[in-house]
Amino acid sequence: MSDHEKLKQLIVDTFLLDEEEFSLDLRKDDVDTWDSLGVVALAVAVEQVFGYHLKPEEATSLASVADLVVILKREGVQFDS
Amino acid sequence: MENGLADEVLAQRASEDGSGLHSVETLPMVDLGRLSRDAVAWVSPSVRTRLAQYLTCPVLPTGEFASGCSTLVVAGGGQRIDFAKIWRAEHEDVRLVVVPTLWGSGADASPIAVQNLNSGGKRIFMGPQYLPNVRVIVPDLAANLPESLARAGAGDTWAHALEGFTSPLANETLRRNLARLMNRMLERGIRRHPDWFDFSAEACAGQAQSSVGLVHGIAHVLEPSSAWGHAELCRRLLWPVFRYNSSQSSKFQANLREYGIDPGDVEEVLRALYEPADYEVLIPSMVERWRSILRDPSTRTNCTPVRPGSLEFFRHEVVVSE
């Protein structure tokens, strides 16, 4: 599974979305399950899937999936272009 | 998870619900006579005779009070105690003395009260106003507790302690405290001993500082339509969820070891509480309600990710027969 596919599955599973709802532009404000508990669940999932421990300020400041991609790319995760 | 994120989430929750770290004074049985002066009591019928020698106040039907009395003594399980806590919050000048007759919920030492609604749902009350003033442990009540209730209560206590410990919201201090608690529970074993009243209270207080996880997420969703209550469900779900978490991350058991707990010892206890035939009965409900289980707040703070596809583990990878 590519990193892009892993990310998609992670976001869909964590926030209980339908696959069609995923996009890199998906914003926190548009997802009702992206609340404080969602942030916790996201951090747990990111660590399990990508092995990266989101810093508290990173996790709480994420406004979109794109923001998460920026962080993961910085940590060496390769996403399909 | 780093403490900073956990602290922020917990602070937000604390400001929302007023919960926090509080304590309840624990007094010995010999004080019960003194405590029940100028009081009325609500007492579970199953222990009324046994407690009669200690209580000096009139016993009224639960919900009734005598004006002019300053103290309410409540002896019973979590539901009766929670009812009293909710009642007392509306009568702030009444001192609340609780005598737990069951362990598991930790209601006797918790700032949380749960009201079961006629619709099958639950309403949760949180805040220091829901803490009893005093708790009294009567050792004799432990010795005479039916075995089935002792096992269910131990299951609820283990669920609180283990899920509170493994919660991504737990900090190092809490983990150390809950690790010590779990080792005491391992040492005591599943038996009818008054230590379990304190184990239950400490476990409940511990998970209130972090969160619970998938055991509670499943139990919360299945309870309204299950023949089993919360504690019985927790008892039956502990081992399957332990196995699930172990399969998802090597850190799950490594964390236990890091704090001086042998995961093998824990698994042995949880396996002893598990009953394959009963688990098999739960599976259809889990399948039907899996999406609701995923959305339960407790599931969302489980120590390993729980996904739509995780259901297959519970359907096919948990041993369902000996």
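Buried here means under 20% relative accessible area, exposed means over 50%, and partly exposed is in between (1.4 Å probe, protein chains only). This is a predicted model, where local features need pLDDT of at least 70, side-chain atom pairs count only at pLDDT 80 or more, and totals for chains, interfaces and linings use all residues. Residues are numbered from 1 along each chain as its sequence is written, chains are lettered from A and ligands numbered from 1 in the order in which they are written, and side-chain values use heavy atoms, with hydrogens and water left out.

On to the salt bridges (a side-chain nitrogen of Lys or Arg within 4 Å of a carboxyl oxygen of Asp or Glu). The whole structure has 23 of them over all chains.

| Pair | N to O distance |
|---|---|
| A:Asp13 and B:Arg307 | 3.7 Å |
| B:Lys251 and A:Glu47 | 2.9 Å |
| B:Arg176 and B:Glu172 | 3.2 Å |

A:Asp13 is buried, at 9% relative accessible area. B:Lys251, by contrast, is partly exposed at 38%, and A:Glu47 is partly exposed too, at 23%. For the pair within chain B, B:Arg176 comes in at 37%, partly exposed, and B:Glu172 is partly exposed at 47%. Salt bridges with shared partners also tie B:Arg151, B:Glu232, B:Arg235, B:Arg236, B:Glu275 and B:Asp278 into one network.

Now for the nonpolar cores (buried Ala, Val, Leu, Ile, Met, Phe, Trp, Tyr and Cys residues joined through side-chain atoms within 4.5 Å). The largest has 79 residues, and B:Trp158 and B:Phe314 are among those with the most contacts inside it. A second, separate core has 27 residues, including A:Leu10 and A:Phe79.
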